[in-house]
Amino acid sequence: MHLKKIVLNNFRNYCRAEVIFDPDLNIFIGDNAQGKTNLLEAIYYLAGGRSYRTNQEKEIIHWDQDSFILSAFFETIKGSYKLQVVNYLNGKKKVKINGIDYNNIKDYFKAVIFSPDDLNLVKGAPSQRRDFLDIEINQIFPLYSYNLQNFYKILRHRNKLLKLRVDNKKTEQSLQVWNEQLVKYGSFILKKRLEVINYLSGPANFIHRRLTDNRENLFLLYSSGLDLKIDHTIEEIKDIYTEELEKKREEEIRYGLTLLGPHRDDLKIFINNQLTRKYASQGQQRTCVLSLKLSVMELIKE
Ligand SMILES: Nc1ncnc2c1ncn2[C@@H]1O[C@H](COP(=O)(O)OP(=O)(O)OP(=O)(O)O)[C@@H](O)[C@H]1O
Ligand SMILES: [Mg+2]
């Protein structure tokens with residue numbers, strides 16, 4: 001795929017700009033606050049339909065304007081395309097491919113970003129590493145986002161019930177119903193996360209060794225409250241998840257919280273057998289995230 005050109009209208013500090021890209025390498029040089037990062041954000045937005053810097057889409061619209069328009073002109077083996085996104089202050093979004101309305105921005109091209117904010121991935125809370133996994137897996141497996149959204153919806157309902165902290169026949173029956181749904185969506189997420197981490201491990205270590213002159217080995221481990229193995233089938237994961245939820249029932253009622261599942265897990269990253277979250281230096285954090293991001297690119301290429 002070659003992204004040939006993008007046109008920005010009222011996007012961040014750009015009123016109107018047209019940028020033409022080389023197929024191989026592009027370098028943006030400029031003074032502070034000229035819009036280099038905003039340009040990268042625009043490309044990322046066109047790939048996934050979301051910013052990597054904010055969830056508040058109105059922040060991306062140029063001040064005093066009520067919408068932005070981004071257009072990408074690109075070529076794939078299938079032909080030439082123009083992808084256009086219009087985003088309004090009221091949250092409405094319109095996507096067009098070659099002038100025809102389209103509802104999914106994600107199908108056309110993919111982007112992997114490495115930015116200063118990504119350094120939080122190593123030292124930050126587990127939720128940041130889960131977000132990393134979820135965002136990248138989402139680009140690759142369209143069904144992932146459907147399962148993730150449903151999982152969190154069920155989780156909210158289930159937690160509401162647990163917060164009542166009542167342990168009787170009725171609660172037990174209701175929990176049974178939520179458990180089935182939680183396990184159904186949760187197991188899909190767990191399986192995909194295990195698969196993706198298993199895939200990324202090789203390339204991430206290979207890249208990391210290259211970046212560090214073979215001085216460091218990078219190792220990835222999916223750390224879950226459930227005892228999962230990479231070769232577990234989705235059916236096996238469902239059985240394990242169901243069984244463990246059953247065992248945790250009393251504790252969950254006591255805490256008023258769902259204690260097991262993909263929402264509690266973490267991606268553990270080790271450099272030379274040491275947990276990076278605790279021990280990595282600033283430079284190591286940077287190379288570690290870069291290795292991870294480049295390995296995601298390898299996965300996308302596959
Ligand atoms: N919604 C917006 N409307 C108008 N301007 C905005 C908006 N959001 C951000 N900006 C401005 O865009 C400018 C350029 O930001 P950007 O982060 O792209 O700079 P940069 O070229 O990457 O600079 P640096 O080299 O310092 O990182 C900033 O001064 C910021 O105030
Ligand atoms: Mg910048």
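Which residue just after H4 takes a positive phi? Arg-165 does, with a phi of about 50 degrees.

## Basis of the model

This is a predicted model, in which local features need pLDDT of at least 70, side-chain atom pairs count only at pLDDT 80 or more, and totals for chains, interfaces and linings use all residues. Residues are numbered from 1 along each chain as its sequence is written, chains are lettered from A and ligands numbered from 1 in the order in which they are written, and side-chain values use heavy atoms, with hydrogens and water left out.

## Helix H4

Helices are DSSP runs (H or I, at least four residues), numbered from the N terminus. Helix H4 covers residues 142–163; at 1.5 Å a residue its 22 residues should span 32 Å, and its end C-alpha atoms are 33 Å apart, which agrees. The expected span is 1.5 Å times one less than the number of residues.

## Surroundings of ligand 1

Ligand 1 is surrounded by 15 residues, each with a heavy atom within 4 Å of the ligand. The closest are Ala-33, Gly-35, Lys-36, Thr-37 and Glu-59.

Polar contacts are pairs of N or O atoms within 3.5 Å. A polar side-chain atom of Asn-32 lies 3.2 Å from an oxygen atom of ligand 1, and a polar backbone atom of Gln-34 is 3.1 Å from an oxygen atom of the ligand.

Terms used:
Helices (H or I, at least four residues) and strands (E, at least two) are DSSP runs, numbered from the N terminus. A polar contact is a pair of N or O atoms within 3.5 Å; within protein, one must be able to donate a hydrogen and the other to accept it, and residues adjacent in sequence count only if both atoms are side-chain atoms.
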